[in-house]
Amino acid sequence: MEITKIVITGGPCGGKSTAMSWIQKAFTQMGYTVLFVPETATELITAGIAPWNCKTNLEFQKCLMSLQIEKEKVFEQAAMSMDTDKVLIVCDRGSIDNKVYMTDLEFSSIVNSVGINEVELRDSYDAVFHLVTAAKGAEKFYTTENNSARTETVEEAAEMDDKFISAWTGHPHFRVIDNSTDFENKMKRLIAEISSFLGEPEPFEIERKYLIEYPDIKWLESIPNCHKVEIIQTYLTSSKDDEIRVRQRGENGNYIYFQTIKKKVSDIKRIEIEKRLSQEEYLSLLMNADTTKRQIRKDRYCLTYNNQYFEIDIYPFWNDKAIAEIELSDENAVVQFPNEIKVIKEVSDDAAYKNASLAEIK
């Protein structure tokens, strides 16, 4: 039984409500049981519980966070009891969305009060899909009439959209769906992105990799839509055609763990199967480490730019270059780098720059 929990988020009037109908239809047809976790903030506000009538906004956010977490637990519990092979839990916003309405200190205090850390909270979702507000690129369609809890102007909505993107940047599977097409095709692109993540019809990973000049770390750390995570990657013994690795990923002593199996299809396309691990499972699998390879330790800067999601890997053994990667749902998509990133060359098909090669003990 597969249970996958995703978040549909975005700026005001991004199309979340309509997206739920598209998701229901598309993935029910693919054989999924689709469950929807309603947006908690809207539920509370329409029920009479709001930031402006609670003692403080912080008190309101505590209520919201507690309810959000408990609702998701109930949906996960229900999913496990169902007689079905595949369950897709779709959250209309996730817990990290609440960060936009607080200071970092306030959010940290609320997260600590519920007994979890931000890394675990953010990465408890398998994937996050952000629908850009109509206030950015489709202004004539922006409205507050279809949601009584929405009060933002066009300018405020665009600013909020940027904040939501910033809050989720750092998640291992984050995608931004912009307004570069009409609304129907925006929904089709969302379904395509979710399908690609779920491995429907097959679990392909399309990844482009670039060798870049060593980036300006101060610049990366100064921009709100960039987030650093620490990664330790260990390769396990495997057959010739498979690449199996385990990964510790997180920050500030808070980590989550994954196992990934990759099978090559072409130079830039692979079948990838990934699953979450408990710390105990991770430590157990480390006993199968491939002794011909060293552990790869790196700082990864997750950067959202022009609605594309880059991962910039800084290795301790290089001081003049780095690797930038981007996952795509369409192998013909045009990749646009920020001016501050200087590309030396694409190395998607160069085995020398793959992590497995960098890990080899020579």
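Student: In what order do the five strands of the open sheet come?

Tutor: In general, strands of a sheet pair through backbone hydrogen bonds, either parallel or antiparallel. Here the order is β2-β3-β1-β4-β5, with parallel pairing. Strands are DSSP runs of E, at least two residues, and helices are runs of H or I, at least four, numbered from the N terminus; two strands pair if DSSP finds at least two bridges between them. This is a predicted model: local features need pLDDT of at least 70, side-chain atom pairs count only at pLDDT 80 or more, and totals for chains, interfaces and linings use all residues. Residues are numbered from 1 along each chain as its sequence is written, and side-chain values use heavy atoms, leaving out hydrogens and water.

Student: Which strands stand at the edges?

Tutor: β2 (33-37) and β5 (174-177): each has a single partner strand, so one side of each lacks a neighbour in the sheet.

Student: How many bridges join β1 to β4?

Tutor: Five, between residues 2-10 and 127-131; Val7 has Val128 as its bridge partner in β4.

Student: Which strands does helix α7 touch?

Tutor: Contact means heavy atoms within 4.5 Å. Helix α7 (residues 183-198) touches β1, β3, β4 and β5, and its direction makes about 170° with that of β4. Axes are lines fitted to C-alpha atoms, for helices over the stretch in contact, with angles from 0 to 180 degrees between N-to-C directions.

Student: And what do β8 and β9 form?

Tutor: A hairpin with two residues between the strands; Asn252 in the turn has a positive phi of about 50°. The pairing is antiparallel, over 10 bridges, and Arg249 stands opposite Ile256 in β9.
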